[in-house]
Amino acid sequence: MRTRYLLPVLTVITAMSLTGCVNNSEPAATAATSGASGTADAVAVKKNDSLAASLPEKIKSAGVLNVGMANNYPPNEFKDENGAPAGWAVDLTKALGDVLGLKVNFDIGTFDNILPAVKAGKDDLGVSSFTDTLEREKQVDFVNYYSAGIQWAAPKGKTVDPANACGLKVAVQATTYQDTHEVPAKSKACTDAGKAAITIFKYDAQDQATNALVVGQVDAMSADSPVTLYAISKTKDKLQTAGDAFEVAPYGMPVAKDSAFTPVLQKALQTLIDDGSYSKILAKWGVESGGVKTAALNVAAKG
């Protein structure tokens with residue numbers, strides 16, 4: 001996932017009323033804690049005593065799972081109308097806490113600070129739609145929990161071809177794969193062919209990128225497939241998909257390299273997959289298409 005292009009205040013307000021997206025401004029140091037029972041509409045998950053007993057002593061004695069998260073990527077991770085963490089990845093994380101008998105503390109901050117926090121031991125894991133890449137695997141290990149493609153969106157009625165976007169203005173969330181790899185590579189291919197470059201507009205939050213497209217500041221946006229489809233569903237027929245999803249890649253929960261917690265987290269996730277809780281959570285949010293059957297480790301390295 002994830003310099004800053006800030007929309008004028010009036011533009012943001014107008015676009016937010018169109019999209020229905022939440023206001024994602026949040027001080028970087030805040031945190032939200034959920035009890036093991038989760039929310040009222042959460043999928044019921046039982047504690048696995050064996051897995052709970054196998055937790056590293058530091059986590060077991062604390063009784064808390066500290067999770068680094070950026071809450072500005074709906075429907076994966078965002079804030080609800082009360083400012084609480086919401087999204088299918090949030091529900092999944094709470095279910096993991098239930099399996100392990102732990103309260104879940106969402107350590108809300110910026111996306112680019114999550115991996116350093118995990119590496120330093122400040123957070124036990126991260127949950128922020130990280131694409132598992134070889135470059136990132138040099139820093140952390142990834143427990144893989146979903147597969148997402150890249151999906152572009154365009155204004156309703158406008159034809160945009162992601163494979164032929166030379167000269168267009170494209171919105172992305174800063175530091176996402178789309179920002180750092182996908183769209184720059186497309187732009188380079190344009191200039192190498194003697195065509196106009198793609199102008200990349202980078203935003204700190206996905207709803208800002210969506211807003212920019214809704215109000216016509218850009219020609220298209222690129223994001224992970226569940227994120228784009230959710231954004232389209234919230235814009236009241238103002239946006240449409242542009243082409244099919246492509247470059248399907250794994251999401252991974254980053255954990256410290258060679259951590260004793262990693263195999264426990266893997267087994268906890270596999271438990272949710274096997275008992276059907278995982279599928280129920282994805283179905284609740286309409287993102288079943290990217291579900292996995294195995295809680296794998298470092299999929300990028302295994303090719």
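## Basis of the model

The structure is a predicted model, in which local features need pLDDT of at least 70 and side-chain atom pairs count only at pLDDT 80 or more, while totals for chains, interfaces and linings use all residues. Residues are numbered from 1 along each chain as its sequence is written, and side-chain values use heavy atoms, with hydrogens and water left out.

## Helix 8

Helices (H or I, at least four residues) and strands (E, at least two) are DSSP runs, numbered from the N terminus. Buried means under 20% relative accessible area, exposed over 50%, and partly exposed in between (1.4 Å probe, protein chains only). Among the buried residues are Gln206, Asp207 and Val214. Gly216, which follows helix 8, has a positive phi near 85°.

## Salt bridges between elements

A salt bridge is a side-chain nitrogen of Lys or Arg within 4 Å of a carboxyl oxygen of Asp or Glu. By this rule the model has 7 salt bridges.

In one of them, the closest N and O atoms of Lys284 and Asp91 are 2.7 Å apart. Lys284 lies in helix 11 and Asp91 in helix 4, so the pair ties together parts that are 193 residues apart in sequence. Lys284 is partly exposed at 36% relative accessible area, whereas Asp91 is buried at 11%.

Asp179 pairs with Lys202 at 3.2 Å between the closest N and O atoms. Because Asp179 belongs to helix 7 and Lys202 to strand 10, this pair ties together parts that are 23 residues apart in sequence.

Lys186 and Glu182 form another salt bridge, at 2.9 Å. Both lie in helix 7, 4 residues apart, and both are buried.
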